[in-house]
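Subject: Structure for your files

Hello,

Here is the structure you will be working from. My notes on it follow below.

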Amino acid sequence: MIVAFSVSPSGGDPDGGVSEAVARAVRVVRESGLPNSTNAMFTNVEGSWDEVMDVVKRAVEAAGEGAARVSLVLKADIRPGYDSGQLEAKVARLEEHLR
């Protein structure tokens, strides 16, 4: 499965930024050892249901340290039998059609 998620605590810095808190969440994802990528809007992580949901939970907890509330947006591609290699493979298939 691939999960794309975005997490943001309430508050942040005086300008409304949350990059420090988001960095804590991304660090959890990167240290998990699961395939992942981060862009301006979401972090993608790939693995089994239990692995991915555990990482998302820990990332939300890390981002929410010291915050009264946390917002989580999550989108999942659940495809039995495809627990690895799809982060790159899906993009490669798309690129093939764009040639």
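The accessible surface of the protein comes to about 6500 Å², and carbon and sulfur atoms account for 52% of that area. Accessible areas come from the Shrake-Rupley method with a 1.4 Å probe, and for residues only the protein chains shown count as cover.

The model is predicted: local features need pLDDT of at least 70, side-chain atom pairs count only at pLDDT 80 or more, and totals for chains, interfaces and linings use all residues. Residues are numbered from 1 along each chain as its sequence is written, and side-chain values use heavy atoms, with hydrogens and water left out.

Overall layout. The protein has three helices and four strands, arranged along the sequence as β-α-β-β-α-β-α. Helices (H or I, at least four residues) and strands (E, at least two) are DSSP runs, numbered from the N terminus. The C-alpha atoms fill a box of roughly 45 × 30 × 20 Å along the principal axes.

The four strands form an open, antiparallel sheet in the order 2-3-1-4; two strands pair if DSSP finds at least two bridges between them. Strand 2 (36–38) and strand 4 (70–77) are the edge strands, each pairing on one side only. Strand 1 and strand 3 (residues 43–46) pair over four bridges in the antiparallel sense, and Phe 5 has Thr 43 in strand 3 as its bridge partner.

Core. Of the 99 residues, 27% count as buried (under 20% relative accessible area; exposed is over 50%, partly exposed in between, 1.4 Å probe, protein chains only). The largest nonpolar core has 15 residues, a nonpolar core being a set of buried Ala, Val, Leu, Ile, Met, Phe, Trp, Tyr and Cys residues joined through side-chain atoms within 4.5 Å. Strand 1, helix 1 and helix 2 (49–63) each give two or more residues to this core, and helix 2 gives the most, with six. Val 3 and Phe 5 are among the residues with the most contacts inside the core. Val 3 touches Val 45, Val 52 and Leu 74, among others; contact means heavy atoms within 4.5 Å.

Ser 10. This residue is found in the loop between strand 1 (2–9) and helix 1 (19–31). Ser 10 counts as partly exposed because its relative accessible area is 33%. Leaving out residues up to four places away in sequence, Ser 10 touches Ala 67, Ala 68 and Arg 69.

Regards
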